[in-house]
Amino acid sequence: MKKESTQLSLLETGVNTQEKALPEIEKKASLAAASSAVRRGLEESALPPEGQERTDAAVQARMRALCAALEHHNYLYHTLDAPEISDDEYDALYRELTALEADFPQWVDPHSPTRRVGGALLGGLAKKRHRRRMYGLDNVFSADEWRDFVERMRRALPDAPTAFWCDPKLDGLALEIVYEDGELREALTRGDGEEGEVVTEAVRTIRTVPLRLQGEGPFPRRLEVRGEVVMFKKDFAELNARREALGQKLLANPRNAASGALRQLDTTATRQLPLRFLAYSTGEADWTPASPCISQHDLMERLIAYGFLTPPDGRLCASPAAVEEYTTWVREHRQDFPMEIDGAVAKQDNLEAQEALGFTARAPRFAVAFKFPAEQVRTVLRRIDIQVGRTGALTPVAVLDPVPVGGVMVSRATLHNEDEIHAKDVRVGDTVIVQRAGDVIPEVVGPVLDLRPADAVPFDFPHVCPICHEKAHRPEGEAVWRCENVSCPAVRLQAIRHFVSKSGLNIVGVGEKLVTQLVESGRVVSPADLFTLTPLELVHYDRMGESLAQRTVDALEEARHTATLARLISSLGIRHVGEQTARLLASAFADMDALAAADEETLCALPDVGPEVASSILGFFDTPANKQLLERFRELGLWPVRAEESAAADAPRPLEGVTVLFTGTLSMPRGRAKQLAEAAGAVVLGSVSKKLQYLVVGDDPGSKLDKAQKLGIAVLDEAGFLNLLQGSGDVQDTAPDAGEESVSNR
């Protein structure tokens, strides 16, 4: 057992740390009890010497005791950095278990510590949908923006508590690990938020991931633990030093290293890298028979008790002002954290309030990320190139002397548009300041005028397309010049690249290089042409053998049959319509015909769709070439319909248009209750108002019950809600009065 971890909470400045997340006395007592149980288990399960009779029951008991001991010492060593036994003692237990598993393979525990070794060679990473979407976070960059966020939250939910759980924003790979009855079953990357890659075998090799939840239980029936896979800065530096000594290519940054390691098809290679998983939230959770958590800080304590690392130095902030103090502290100590961080996160602490606030199309309404100022460096601007995008936009790109920025080597950076270049007065030959906007996209901040060469001249922005040489046009009121030649090779190429990309149909195996070859050869003129390719044609392209050609055609065929309406809309590259708006449109219209028939008034009635977006959608469907493209899609069978239309067009919706609200603890997860209500046609509200028709209460309903009864709103218990779902016409006010004992004994 080689030591590869450092203690997470290294910052001695008064902020709550991982060690302080649980009461210290209670935690030490719990660990002491666990260690005592492990020692007792090993003593009581000791087997007689070789040659003497060993019963089946005795061997199984010994294997269970060894598994428990090794997992306990793994946790002490890799998670708490508090080992109780030496490496030699650990290795002796490990060898004994390995020998018993070799002799008695029929009794090997699927979650044995020996399973962390890896060795599986995966044929590829399968994809699977998340039960609950994994959202990103909206960002704020100042105290004023934070206060605006809090005000929006208060307007949406006036009685929301004022406490927030805060922790650093990790710069790693988002991951969801699924546990059923306390045992690890599956692990998925975040992917596009709706669908991720299955990386279960690789995640099993991460030593800070519990193969079983710790403690005596009872454990939740299903718990989706979400967090981030990271590589500590110290470990990353040591890894690159080893690679340099071996003459290998250096890794760009810890995040890319963690992401690449987790997606290795050889899990032995994954195990050799120092990855750590830090948990910070949950997805779907069926807590039965365990007691549910009622707050974010309760949840964090529960995750720690279950054996997870959590982001270091998290704290419960009693007020929005305390959140501001916390984020200032984290920013000042950013360099002291053991892993890369790019901000701080604040979440409404009350889980019921989180559910009530819900989500926008992009992010939760109950949480936000404070993004820190980007790191800035100096380098020389050698030339300015003009790129042509899929919408014909001419975008200036600065070509720079390569320079590391925030852990990434940057040689190109955006200059946005003509006005931006003139406003910043950036010239070829300038020494310029470069940063990664949001720690992601490199951009030029401006020139260092004291270092400007004497012969540097203002940049003359071209007014013709650099690819087709047709005249470009700058629409009135816009800052962008556009090539309006629909046959422009660059526009066509970028449109088809977008069509197959992660933001489009996400067709695995059809990358930019292949698309470029297909378009430049003239074989593919529109996205529809992709679905007419054959393996016999593809083998004539660069680096395309028979098996790869067949896999490419298979991937296109799979996409044709499985594409969702939202993905198809997003893949079309309609201006101002990204993935979020595409999902919104897909939920509002049955298919492409219905969307094409929508007028401006109908479109503008949708959330987040204004006149500009509506005009762009209408313009797309009014273009003859686009109409022809859609007809080809229809002929090819690429014509998805809205999810519920395809799943159950005639399914009963007994609560169509009915407004409901949930409060208190139900026997089912709150998210599941909302799904059932929405599937039946109901609209789930976030607070009690005159618009509410039914309040569904569980244990500890709180003030919502009082408000509902004062307004004369029908109150149902869980059984009454289930009757309502079944379309029962005899639904009574089934919940007790606010003062009755049966509502809650607490």
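I looked up aspartate 425 and found that, at 26% relative accessibility, this residue counts as partly exposed, with the caution that I am reading a predicted model. Its partner in a salt bridge is arginine 452, and I noted 2.9 Å between the closest N and O atoms. The two lie 27 residues apart: aspartate 425 sits in the loop between helix 12 (418–424) and strand 15 (431–437), while arginine 452 sits in the loop between strand 16 (441–447) and strand 17 (472–473).

Next I went to glutamate 512, which forms a salt bridge with arginine 497, the closest N and O atoms being 3.9 Å apart. This pair joins helix 14 (residues 512–520), where I found the glutamate, to helix 13 (residues 489–500), where I found arginine 497, across 15 residues. Glutamate 512 counts as exposed because its relative accessibility is 52%, and exposed requires over 50%.

I then turned to arginine 583, whose salt bridge with glutamate 194 has its closest N and O atoms 3.6 Å apart. The pair links distant parts of the chain, 389 residues apart, with arginine 583 in helix 18 (residues 579–588) and glutamate 194 in the loop between strand 5 (183–189) and strand 6 (195–197). I recorded arginine 583 as buried, because its relative accessibility is 16% and the limit for buried is under 20%.

The protein chain has 26 helices and 22 strands, and buried residues make up 49% of its 746 residues.

Conventions. Residues are numbered from 1 along each chain as its sequence is written. This is a predicted model: local features need pLDDT of at least 70, side-chain atom pairs count only at pLDDT 80 or more; totals for chains, interfaces and linings use all residues. Side-chain values use heavy atoms; hydrogens and water are left out. Helices (H or I, at least four residues) and strands (E, at least two) are DSSP runs, numbered from the N terminus. Buried means under 20% relative accessible area, exposed over 50%, partly exposed in between (1.4 Å probe, protein chains only). A salt bridge is a side-chain nitrogen of Lys or Arg within 4 Å of a carboxyl oxygen of Asp or Glu.
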